[in-house]
Every structure is written in structure tokens, then in C-alpha cells.
Protein chains: 2
Amino acid sequence: MSSKMIAVLIALSLLASSAQAKQWPATSAEVIAATADTDWREPNPEHTLYLDINGGRVVIELAPAFAPKHVANIQQLVRQGYFNALPIVRSQDNYVVQWGDPDGTRDLGRAAEKLAGEYDRTTSGTRTAAALVDGDVYADEVGFHLGMPVARDLASDRSWLTHCYGMLGAGRAEAADSGNGAELYVVIGHSPRHLDRNVTLVGRVLLGMDLLATLPRGTEALGFYANATQRTPITQVQIAADLPEQQRERLLVMRTDTEAFAAFVASRRTRTESWFLQPTGRVELCNVWVPIRSLAQDDDA
Amino acid sequence: MSSKMIAVLIALSLLASSAQAKQWPATSAEVIAATADTDWREPNPEHTLYLDINGGRVVIELAPAFAPKHVANIQQLVRQGYFNALPIVRSQDNYVVQWGDPDGTRDLGRAAEKLAGEYDRTTSGTRTAAALVDGDVYADEVGFHLGMPVARDLASDRSWLTHCYGMLGAGRAEAADSGNGAELYVVIGHSPRHLDRNVTLVGRVLLGMDLLATLPRGTEALGFYANATQRTPITQVQIAADLPEQQRERLLVMRTDTEAFAAFVASRRTRTESWFLQPTGRVELCNVWVPIRSLAQDDDA
């Protein structure tokens, strides 16, 4: 047998073994432990925000694939220092925490004041990875794309980010183009999916949800604080790319377009941990929290 | 025409008008404003708990129709003063807050140590009021019964309380009968419906969710606090019926077996408020929060 033939045979056997599906374990902790380095990605520092409040840091990943104009406007605002020393103005129980300029007087600088809503987009090129077989109350299809929970309407072939816990949105007034990213909110309760396609979602909190979710609730309508002293000041907001590499947060997000992630979703569906007496065998979109690595990942059984 | 005939005609015309369905307005604020006193009920004080922490009060309605033995055991524990000066031992972000005896040494007195799980019940007599037409990821049918969110399996004709935000459950260890109500948890995040029928739900928080949801998160596995000083002490737990009437909280809960409630659910589905650009026209079970009266009811649009 020639060495060339041997090389071909080796290549074929490699193809065969890679075509054979890996056997994934059953529990989510085991799935995470069985992942390879290639199942994880480092968030793009250009699209990663650090929101510093109360001596703690909230790390946010922006979603330029879904809201490119809002993301660009937010980057512009952050780089102008727009958010520094502005406060958290609203905390409504089981709903959202929101920050921005309570007086509406701060200069937007080179950022746009009005932006058309980026409520949904054509699905082409936005394949819903790991589409859930479990169905959804609000949409024809749900799943994940680039680490974000998404929904899809089959008739119109449109897809959009969904209001799951930890999602970041750009608040707006009545007019469809009145949001610009200067007023931002994060979901802190049961996912208010009725807001989908009515507000532009711009990203997802990766770390620090505990800091936002435990802020005292405002007592005015919609959870706004009754007076300025109750607001939590924002120390600063930065873009990770603007910091020297050694000062950036080191974290990895599980890729959502992999067999590993499909196995993770399956583990959330089947719940084979011995504690479960009657696993539901179903999983809802917002009950799949895309794993973050290099942090204690609490099991929620 | 005799006066008797006139009386009969008037009675008939009254019957006709009452048989004509009332036209309900479209928004939830308008529906609530249009309700009659008979659309509301006072929670049974015998099944109402006051949990006092941090100078604030959490009001809980128990669900004896679904978990009679657990409710009776909890009443027994409360009346023995079992929970007084015990702490909140766990706060896990986007999941649950839990209280009980961290050392497991407190005497259960006349309360049972083991109780068979009350995970579901026959649906007979448990008509799912206001069953949602919107579907559900986890169950064949969902709706409300006696103010509580419920799900139903059609094949087995079983129904059960669901893990929506604010629901109260009796924690258990591995054994199915290891829960007894001495260890209680409340859902503070996106509804963990995978726990349905795996833990006995025993009631629902009516007021004070903000007090529980803003407790600092524990940093140990499952959100347990790393040390005792981080725990929040419980001042006392009382049954409303054990207090003089004038010392009880005055509140009303919207009945869930009325046309008014059906109209309220419809208002959450259709979202006709002018702010909405593309109302979903769907509503998920845990996105219907049964209204409480005589309190500022924040609109969450």
C-alpha cells in the first residue's frame, strides 16, 4: 500500500469518526464538564460593556447582528462618557431595572437622538441554532443565535431577540423611533415576552445580574424611584476593547451553534438528576441560560 | 295590563339584560376599574400567612385545595412559633429564596416530619377557570383556580399548581416524602416550571415580593449564604386569623372564576395600550399576575 493510499485511508477513517455523533452525558453539569475548548467563545471586546455600580460590575454582551444601529449608538454614547455618573432610575419588581438621564438634559453628542426600531430582521443568515422542539406560547419557533435567545415567525421569515431574564433593551417613548440606547433596561423577572418586537433588544447580561436584580424597588408608578437619593449611581460604563487586555474580564460563553450546546439544552429538558421524581421532559426558551465559564456555575436543581 | 304582568315583564327584561354579556373595556387598568365588588374576595385569614422580615411584611395565601396536608402542617408549625427567629438561608438569582432551620435541630413539635408529596390532584372539582387559549410549553392546559396558576394533564385528568413568580413551595430532599413545610421557598425569577409536580407548591405571595426578591444573593452553591451573618432573620410568621381583625392586612384578591378575570386575562393578551406597536396577541400563564386591590397597581407597559 502506497503512503499516499494510507494517508487517504487515515483521512477517511477520521471523517468516519467525526461523522459519528459524540455521546453526550445526561446532566447539564456533566455536559459542561465534557465540552471541548472549541465549544466556548470569548465575547468580542468591542461588543462587551462593563457597567459599574455599587462597587460591582455588570458585564453585558451587545447583539450587533440584531440591532446594529442601536449597538453603534450605544458604543458612541459609552465612548463619550454619556452614562458615567448617571443613575439607575427605575426598578420594578418582576419586570425591569432601567438607567439613563432622569432629566433628559445630558448632551447626546455625536450619538443619534432618534433611531428606527430594530424590532426584528429577516431570518436569512440568522439560522435559529438549537431550535427547541418544545414549542413556545408566543412564536412559531424559538432557539438561540450567537448566544442570544431568539424567536422566529415562519410566514414572514422574520426573527427577533426575546425578552428573557437578563436581556438588555433600549427603552422608548410612544413613537417607534424614540429609542436610541441612551435609556437602557434589563429584564429582572419572569420574561415579559409581550414586549418582543415592541422594543429594540440590544444585548444580554453575562455577569452581575444579582447586582441589578437586588436593587431596591422604586415605589412610584412603573417602579421609578420617588426621589433622586434612592437612585443608584453608575460609576462608569466602559467598552472592554477600550481597556488594556489585562484589565478585561476573562470569561467564556458557551457557543450556541454546537453539538455541545444542543446536548446542554437536552439536559435542561430531560433532567435526569436523581432529585427529579417526574421530569417534565420539556424546556421553555427562557429556562435555558447560556452557560458562562470560569465562574462557579450554580446548579439549580 | 295587570300590575302582576308588568312585574313579570320587568323581571324578564332584567333576566334578558343580565344574560347579555357585559362589554368589558380593553386595557387591564380599565378592566380593573370596571369590576364590581363581587369580582373580588378577601383571602381566608385562616389560610393567610404574615412573614415579617427586615421591618417589612410578606403576605402569603395558602392553597389548601391543592396541598391540604402541607397547609395543615405549616399552620401547625406557625402556631408553635416554629419559624420565629429562623433565617432566610438561601437566595439564588433568577430562581428562589428559601427559609427554614439551617441546623435542622429545631423541634417540629406536633407537626409531621414526613409528608407524602402533594404534587398533583384529580381535576374533578378543580375546574381550570379561565383556561388560556394560548397554549403552554409544559402542559396540555393552563389557567387559574382559586386565585392560583394551575396546569392540567388531559390524559390523566390531573391538575397541579405551577411554579410562577411568587409561588410558595415546600422544599424537599431526595426522598419524595422528605418535604413537610418546615423549609419553604418562593420563586423570584423566571418561572422554573421544570419543578412542577416535583415539589409541593403550597401557596402564593400576595404582597411583599419586593422584600424577598431584593435579598442579597448567597454565594455558595444553590445560592446558600456562605456564613450565618449574611442570613436575614425572620422576625415572626403569623396566621392572619390569630390576629385581632383590626390588626390584619386589608386586601382583596381578584376572583379568578369571573367574567371580570377573563376580561383581565384578555387585556393582558391583546395589549391595546397605545404604546404597543405590535401586540403579541398571546399571553403566557405566568405573565398573568392575579390583581390585588387597595394597593397602587403598577402598570407594566
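Modeller: Copies here are superposed by least squares on the C-alpha atoms of residues with pLDDT of at least 70 in both. The model is a predicted one.

Biologist: What rotation superposes chain B on chain A?

Modeller: Two copies of a chain are related by a rotation about an axis and a shift along it. For chain B on chain A the shift along the axis is 0.0 Å and the RMSD is 0.0 Å. That is the relation of a two-fold axis. The rotation is 180°.

Biologist: What percentage of the interface residues of chain B are also interface residues in chain A?

Modeller: In this pair, 54 residues of chain B are in contact with 54 residues of chain A. The copies meet through the same surface, because the share of interface residues of chain B that are also interface residues in chain A is 100%.

Biologist: What area is buried between chain B and chain A, and which residues of chain B lose the most area?

Modeller: The buried area between chain B and chain A is about 4,700 Å², and carbon and sulfur atoms give 51% of it. On the side of chain B, three residues together account for 17% of what that side buries. Those that lose the most area to chain A are V137(B), H190(B) and W275(B).

Biologist: How many residue pairs are in polar contact between chain B and chain A?

Modeller: Salt bridges do not contribute, as the count between chain B and chain A is zero. For polar contacts, both residues of a pair must be at pLDDT 80 or more. The count of such residue pairs is 27.

Biologist: Which residue takes a positive phi in the hairpin of β2(A) and β3(A)?

Modeller: Strands β2 (residues 48-53) and β3 of chain A run antiparallel and are joined by six bridges, with L51(A) opposite V58(A). Two residues lie between the strands of this hairpin. The one with a positive phi, near 45°, is N54(A).

Biologist: In β12(B), what is the bridge partner of M167(B)?

Modeller: Strand β12 (residues 200-207) of chain B has seven of its eight residues buried. It pairs antiparallel with β3(B) over four bridges, where L62(B) is partnered by G203(B). Strand β10 (residues 167-170) of chain B is also antiparallel to β12(B), again with four bridges. Among these pairs, the partner of M167(B) is R204(B).

Note on methods. Residues numbered from 1 in each chain as written. Chains lettered and ligands numbered in written order. Predicted model: local features only at pLDDT ≥ 70, side-chain atom pairs only at ≥ 80, totals over all residues. Heavy atoms only, no water. Buried < 20%, exposed > 50% of the residue type's maximum accessible area, 1.4 Å probe, protein only. Pairing = 2+ DSSP bridges. Contact = heavy atoms within 4.5 Å. Buried area = accessible area lost by both parts, 1.4 Å probe. Salt bridge = Lys/Arg side-chain N within 4 Å of Asp/Glu carboxyl O. Polar contact = N/O pair within 3.5 Å; in protein donor to acceptor, adjacent residues only side chain to side chain.
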